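Reader: I am new to this structure. Please walk me through how to read its features.

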Amino acid sequence: MTQFEDDARAGEADLGERIDRYIDELRTAGGIRSARVERAFRAVQRHRLLETFYHRGAEGRVRIRHDPAHPREEHLELIYADTVLATRYIDGLPASSTSQASLVARMLELLDLAEGMRVLEVGAGTGYNAALMAEIVGDQRLVITTDVLEDVVDQTARLLADAGYPRIRVLLRDGFEGAPADGPFDRIVATVGCSDLSPQWAGQLAGGGAMLVPLQHADGHPLVLLRRDGDVLRGKMVTWTGFMPVRGPLYIEDLWPRGMAMADPAEVVHEPDPEPRFGPPWSDEPCYRADDEADFLFFLGLADRRACSALDGPGLSDGLGGWATVARDGIRWWKDADLARELDRHYRDWDARGRPALGDYQVSFVPVDAACVPPPGGWQVERRFYRQLVTLGPAQPDP
């Protein structure tokens, strides 16, 4: 045996151990739960579907030039971790990425894919998710992924082919259109944050099929899992996420406020609470919320269209600079004390209802040109193509 062969075997063993640790981390994070999803993660090598990517280090954003054929140890360390890795920036904002690995796994579990299913993905990313889905459904030709950026499509198709997935189709088009010539689809999944659902997706969904979409709501993209019932889409909210926003007709400007105005700390009023309103976040990173904090943010977004989020908690923004936020240690407000009182009222309403979690809501989507009545005791969100009807408790009756 040559030295080259020895080195190759050692490299394969090291990669196998790294993937084992990666799988263990994703299980611990609650992402991987089934044997079929675990098999897919073991089969698809994440590093083969990346080239240039970005990592946020101690000194800020770092651009990393990665060679998938000859990976460096320090790059593999970043890739085989429960991370999101941006791969493109446009105008200073991330425009494409490979999503956080545990979220990818969780979404695959929610899709409940089986052998022989036909799948449409909106948002190609690096092709990692498409390859994982192809492993589960058992035939690369059953998976179609779309993206609106030509360079993403070209690179993703090339990397997929090099990684052993040449028959996954990567289409250059606005995901709003779907892929009508290739439907119907048993599953439709979006991997970009959408302000609305596409009527084209509903028309391309097979009977008994399901769609999983990160849907814009109060500064985030909670996942909604839906099935078609005639012209209506029905389902439930699942978990809170944050995705890059979609481009094109599925993006709606100012559906909710986009953050809060900066304020001089000396001008901010702090009204402390004797007891915490929320539990601690599950991570020390500033972008992570406590579970009940995210639950209140969803409720706040239904109750008040001024709802948004800041680093210290959910809040209201009046669009004129004034705002109020509620954190574990109390309410902070700037310019407008009425916002603080209204925010406190919404919090007490949510608390009196039993602090409902995201999964306690049932949702329906009715075409905007169809007659419907808002659900008693529920909420209605007007989007571009659909009205979203939301209730707490058991599934709601036909609208």
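**Rings, strands and a helix**

Author: Start with one residue. Trp323 is buried, at a relative accessible area of 9%. Buried means under 20% relative accessible area, exposed means over 50%, and partly exposed lies in between, with a 1.4 Å probe and protein chains only. This is a predicted model, where local features need pLDDT of at least 70, side-chain atom pairs count only at pLDDT 80 or more, and totals for chains, interfaces and linings use all residues. Residues are numbered from 1 along each chain as its sequence is written, and side-chain values use heavy atoms, leaving out hydrogens and water.

Reader: Which strand holds Trp323, and which residue is its bridge partner?

Author: First, the terms. Strands (E, at least two residues) and helices (H or I, at least four) are DSSP runs, numbered from the N terminus. Two strands pair if DSSP finds at least two bridges between them. Here, Trp323 lies in β15 and its bridge partner is Ser317. Strands β14 (residues 313-317) and β15 (residues 323-327) run antiparallel, joined by 3 bridges.

Reader: What is the strand order in the open sheet?

Author: The order is β12-β16-β15-β14-β13, 5 strands with antiparallel pairing. At the edges are β12 (269-272) and β13 (307-310), each pairing on one side only.

Reader: Which helix packs on the sheet, and which strands does that helix touch?

Author: Contact means heavy atoms within 4.5 Å. Axes are lines fitted to C-alpha atoms, for helices over the stretch in contact; angles run from 0 to 180 degrees between N-to-C directions. Helix α8 (residues 291-303) packs on the sheet and touches β13, β14 and β15. The direction of α8 makes about 20° with that of β14.

Reader: How many aromatic pairs are there?

Author: Rings of Phe, Tyr and Trp (its six-membered ring) pair if their centres lie within 6.5 Å. Planes under 30 degrees apart count as stacked, over 60 as edge-to-face, the rest as tilted. The count is 16 aromatic pairs. Take Phe296 and Trp350: their ring centres are 5.3 Å apart and their planes at 55°, so the pair is tilted. Phe296 is in helix α8 and Trp350 in helix α9 (residues 337-352), so the pair ties together parts 54 residues apart in sequence. Both Phe296 and Trp350 are buried.

Reader: How far apart are the ring centres of Trp323 and Trp334?

Author: Their centres are 6.3 Å apart and their planes at 45°, so this pair is tilted. Trp323 in β15 and Trp334 in β16 (residues 330-334) are 11 residues apart. Trp334 also counts as buried, at 9% relative accessibility.
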